[in-house]
Amino acid sequence: MACSAILAGKRRAAAFVFALVIVFIPQVRAADLPTSFQAPRQGPETYRLTITVKDETDSVVPSARVTLTASGSQTSLQASTDFAGRAEFPNLRVGAYSVSVEKEGFYAQLNITVKVEQTEAIDVTLPHRQEYKETVRVHYSPPAIDPAQTSSSQQLTAQEIIELPYPTTRDIRNALPLMPGVLPDNSNPGQVHVAGGASNQTLYTLDGFDISEPVSGLLNLRVSTDAVRSVDVLTSRYSAASGWGSGGVLNLETGMGDDHFRFFATDFVPSVQDRDGIHLDNVTPRFTFSGPLHKGKAWFYEAVDGEYDLNIFTELPPGQNADHYWRYSNLIRLQVNLTEGNRLTGSYLYNHSNEDHANLSIIQPLSTTTTQIKSADLATLKDQNSWSNGTLFEAGFSFLQFTSSAQPLGTLPYVQLPGSASGNYYLTSSSTVRRYEGLANLYLPPLEWRGHHEFALGAAIESTSDQQFAMRQPFDIETASGVLVRSVTFTGSPSFEQDLFTGSAFVQDRWSPVSSLLVEPGVRFDKNDLLHRALFSPRIAATWMLTRDKQTKLSAGVGLYYDRTDLDKLTRPLAGIRQDIFYAPDGVTPLGPAVTTMFQANPSALRAPGFYNWSLALERKLPAAIYLTGEFLEKRGFDGFDYVDEGLVISPSGLPSSGLFTLQNGQRDKYDAVTLTSRHTFHEQYPLFFSYTRSWARSNAVLDSTLDVPFFSPQLSGPLPWDSPNRVQFWGATPFRMPWMHALELDYAFDWRTGYPYNVINLEQELVGLPGQARFPDFASLNLHVEKRFHLFGFEWALRAGFNNITNRADPAVVDNNIDSPTFGAFGAFATRAFTGRIRFLGRK
């Protein structure tokens, strides 16, 4: 019944979109039709103007806004560039025209004079916005309502990433929660939840290549913040070409050199801290260097960043409260234009990190931490060809590898205590996971038939290898007074390997039957050699410009989105077997035979998890160039993977008899959200952003049992761990002056949200009450920074100082959730007020 209701709801949503198209088309006036779609008229001979927009390295720029105005006319024609960076204006009379091209993140090209005397084709160069202005006069591209954008998306530009204040600005992942619909994960720093989804339900890409960790699906690859040109997050109505992922798509675009040598440096001065005395806080230098290898033909870009942190936890005893962490990464990108339309791009990104005492906290003292070493390699190569008729073909290949190891500090027996632990950690682990990805996309020339069509099709293959090693030693669970409650042992092979091969393809069309309406239907195909099921994902989205001035847009869409095959859950049966012995209050007498915990999965009998996703949005440009958007999003999951304890039988003593966990398709997640956002830009470059989100994230299966943390309980429903029903955000920048100092910039960011839910457990590590019945305190943080740019030694510099969480609100990240602990309910890892400084070297003006 529930499944039928969901299907019926999605059919109604799809019918709404199609009805929007069918009902509107007959009512449109001829003047609203594309010129090429109108009946020919008698008159002077007309010509076609084709404008191709490229950046400073001759790479095509899609979705740029092109405005064409005839000399002496008060009206304009508008178009967006297609996949090949082309915009066409047919049926133009002979005469002079003014062309303007704009796109956020680029410098605008305004009032370019073009004389049309025959069929013409011109190129317009749209340079990327740089950190510091060139000596020539440049114009910023302001925000605008884009008729060609069907997806629900949010973007952070390079300027916003650099200027907005957020904690730990050296990690680009910490900037992601500045966008509505993106929430930070409380238990796994750096990870995020997009549109109510789990962290592994989002597709993460870097310059178009998949960088999701192949097994966990997380965003673990690091790239220098200064190297990122933009971050785009798609939460709904994204096309079949955008790939899998019910949570959304998050793409990082990095920089490329041009015909000027540029060098920038950030945070090359160490900082100190006053925690248990004066100590070095961190050293986090970042450097970027770019320029031409051969002017007009080949360019390079390199971004290096390093990090050393001394993390001191004041709630722990002196001498046992410090964690040393260091990290290094290097990104190198090269582009060679082999011919006018053939561009070859390659890149290599390397990560390495070492942490002495990972996961140190009030509930995990120093002796129980582990030394963790991690590294990652990403190599990519892409060949892109474009032709004068508008065809664009690209083929690419990438290699991604993650290696990691976690080593306990010794061999002392590990003991879990209420709200704490002792001894040395019981788990020694290492892993190597690799993925090879190949892709090819073809964008066909625009076709005029009952409107304007832009067809695209593509295919991709991925080969994944997962090698895991995990040696688990026995450990005990005791009361605070040292009485044995439970002993745990493990058997089975400590290592295993699993391979996965996946193939996918898509086809889609961008159809504009009339100038005010755009419909984007598409279908996606996916299949892998574990589930052995062919998956078809139909999707459709539409935009309708409701007013003649094109300042009001209605968007709607519905689609089916499958998730990547979850190797982490599918390989849990290979991790071994666990046995738990429960003891009487004397700590000596066993209460019965050992409870055996094991996992089993039959991939060929499982269905692929997925979501039905539909949304509706209205955008309007208000007076004073304020852009207001209201959006509703609904997601309904089906066939989610969940482990169910089929052997669960509770004995008269209240103990489970076994833990036979079988992987099934019983999980059903739900997410609903209403979001209001407004945006305004002052003086062409200072943003002001506000948003409010009301959302609900729930599931019928919130208990995720693993070999290390099994729940001897039936699956239960409740809020998802990242459920935050209310959230308010505003951020921006503004110039101001002080009597003794001019040209200052104030940057600010505020975030308030409902606290996350958490589970309560008892001494035996069993769930108490319902899942998510307790919550962290509401989170609130206001960051205020002031920046001054100045000229010194012939170079430009930027000096910043300010406070994160200036109100000093105690926002915890950890809680003692053991009801039998003497410190039950105590919070820790507080994000209190922190003074931060930053200096940047910007080169010559």
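This is a predicted model: local features need pLDDT of at least 70, side-chain atom pairs count only at pLDDT 80 or more; totals for chains, interfaces and linings use all residues.
User: Where in the fold is Phe268 found?
Analyst: Phe268 sits in the loop that runs between strand β16 (262-266) and strand β17 (271-274).
User: And which residues make the nonpolar surface patch there?
Analyst: Phe268 makes that patch together with Phe261, Phe263, Val269, Phe287 and Phe289, and the patch comes to about 550 Å².
User: Switching to the inside, how many cavities of 30 Å³ or more are there?
Analyst: The count comes to seven cavities of that size.
User: What lines the largest cavity?
Analyst: Its lining is made by 16 residues, and those that lie nearest the centre are Glu104, Arg129, Ser141, Gln159 and Arg679. The elements giving two or more residues to this lining are α2 (158-163) and β42 (669-682). By class, the lining of the largest cavity has five nonpolar, six polar and five charged residues.
User: And what about the lining of the second largest cavity?
Analyst: The second largest cavity is lined by 15 residues, with Gly181, Leu183, Tyr671, Ser695 and Ser724 nearest its centre. At least two residues of that lining come from each of β10 (182-184), β43 (686-699) and β45 (726-738), and β43 gives the most, with three residues. Sorted by class, the lining of the second largest cavity has six nonpolar, seven polar and two charged residues.
User: New topic: how many salt bridges are there?
Analyst: The count comes to 42 salt bridges. One of them joins Asp708 to Arg472, with the closest N and O atoms 2.9 Å apart. This pair links distant parts of the chain, since Asp708 is in the loop between β43 and β44 (718-719) while Arg472 is in strand β29 (residues 452-472), and the two are 236 residues apart.
User: Are those two partners buried or exposed?
Analyst: Asp708 counts as partly exposed because its relative accessibility is 23%, whereas Arg472 counts as buried because its value is 15%.
User: Which residue does Lys553 meet in a salt bridge?
Analyst: The side chain of Lys553 meets that of Glu619, at 3.2 Å from N to O. Here too the pair links distant parts of the chain, with Lys553 in strand β35 (residues 552-562) and Glu619 in strand β38 (residues 610-622), 66 residues apart. Lys553 counts as buried because its relative accessibility is 1%, and Glu619 is buried as well, with a relative accessible area of 17%.
User: What about Arg572, which residue is its salt-bridge partner?
Analyst: Arg572 forms a salt bridge with Asp704, and the closest N and O atoms are 2.9 Å apart. Arg572 lies in the loop between α3 (567-570) and β36 (577-582), and Asp704 lies in the loop between β43 and β44, so the pair ties together parts that are 132 residues apart in sequence. Arg572 is buried, with a relative accessible area of 10%, but Asp704 is partly exposed, at 38%.
User: Which residues are linked in a network of salt bridges?
Analyst: That network links Arg170, Asp171, Arg173, Arg222, Asp305, Glu307, Asp309 and Arg327.

Definitions and conventions
Residues are numbered from 1 along each chain as its sequence is written. Side-chain values use heavy atoms; hydrogens and water are left out. Patches are made of residues with over 30% relative accessible area and no salt bridge: like charges are joined within 9 Å, nonpolar side chains (Val, Leu, Ile, Met, Phe, Trp, Tyr) within 5 Å. Accessible areas come from the Shrake-Rupley method with a 1.4 Å probe; for residues, only the protein chains shown count as cover. A salt bridge is a side-chain nitrogen of Lys or Arg within 4 Å of a carboxyl oxygen of Asp or Glu. Helices (H or I, at least four residues) and strands (E, at least two) are DSSP runs, numbered from the N terminus. On a 1 Å grid over the protein atoms alone, a cavity is a set of points where a 1.4 Å probe fits but cannot get out, and a pocket is an open set with protein on both sides within 12 Å along at least five of seven lines; lining residues have an atom within 4 Å of a point. Grid points are joined across faces, edges and corners, and a volume is the space filled by probe spheres set on the points. Ala, Val, Leu, Ile, Met, Phe, Trp, Tyr, Cys and Pro count as nonpolar, Asp, Glu, Lys and Arg as charged, and the others, Gly among them, as polar. Buried means under 20% relative accessible area, exposed over 50%, partly exposed in between (1.4 Å probe, protein chains only).
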